[in-house]
Amino acid sequence: MSIETMSQTDMRKALGQFASGVTVVAGMDDEGPIGFACQSFASVSLDPPLILFCADHRGRSWPRIRNTGRFSINVLHENQTDLCSRFGSSNGRKYEGLDWALSKWATPSLPGVLMRVHAEIHDVHTAGDHDVVIGRILGLESVTEERPMIFFRGGFGLDAASKLLRA
């Protein structure tokens, strides 16, 4: 199917064939901690140490994080669906009742994640309805050895699609 005849639903279904990890991008500003769930995260360069993520520039959290210049990437493990739900909703409770800490880089550290990347904004490129954010790594923390949370075919886990088909 050519892109000219493809709907956004068709495009989402096709691109859902690529499994991705799930992260929470978090920041801190004068109003308090902020964050959002994000599947588009990748390592870019070892020298200099750079990562990237993509954020909807129409959202509420990303513009606030962008203004601070610093953020953390909290990589979720497969049993952290609660954290994913908290930060995946625009009206979720996010930090309410959550045992989180502020890192030495003034970025939120979420509890029990696989790993954390603390970074500062190096560059931002607008691409359609999203911003591609390049971050310079300030620090890395490995936290636990659990299995990663995977988003695949519109659900969590590699067998998410077969569960949906059986339902």
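Biologist: How far apart are the mean positions of the positive and negative charges of the protein?

Modeller: First, what counts. Lys and Arg are positive, Asp and Glu negative; His and the chain ends are not counted. Each charge is placed at NZ of Lys, CZ of Arg, CG of Asp or CD of Glu. Here, the mean positions of the 17 positive and 19 negative charges are 4 Å apart. This is a predicted model: local features need pLDDT of at least 70, side-chain atom pairs need 80 or more, and totals for chains, interfaces and linings use all residues. Residues are numbered from 1 along each chain as its sequence is written, and side-chain values use heavy atoms, without hydrogens and water.

Biologist: How many helices and strands does the protein have?

Modeller: Both are DSSP runs, numbered from the N terminus: helices are H or I, at least four residues, and strands are E, at least two. This protein has four helices and twelve strands. Its C-alpha atoms fill a box of roughly 45 × 35 × 35 Å along the principal axes.

Biologist: Is S20 buried or exposed?

Modeller: Buried means under 20% relative accessible area, exposed over 50%, partly exposed in between (1.4 Å probe, protein chains only). S20 has 13%, so S20 is buried. Of the 167 residues, 37% count as buried. S20 lies in strand β1, residues 20-21.

Biologist: Which residues is S20 in contact with, leaving aside neighbours within four places in sequence?

Modeller: Contact means heavy atoms within 4.5 Å. With those neighbours left aside, S20 touches Q39, M149, I150 and F151. The C-alpha atoms of S20 and H125 are separated by 21 Å.
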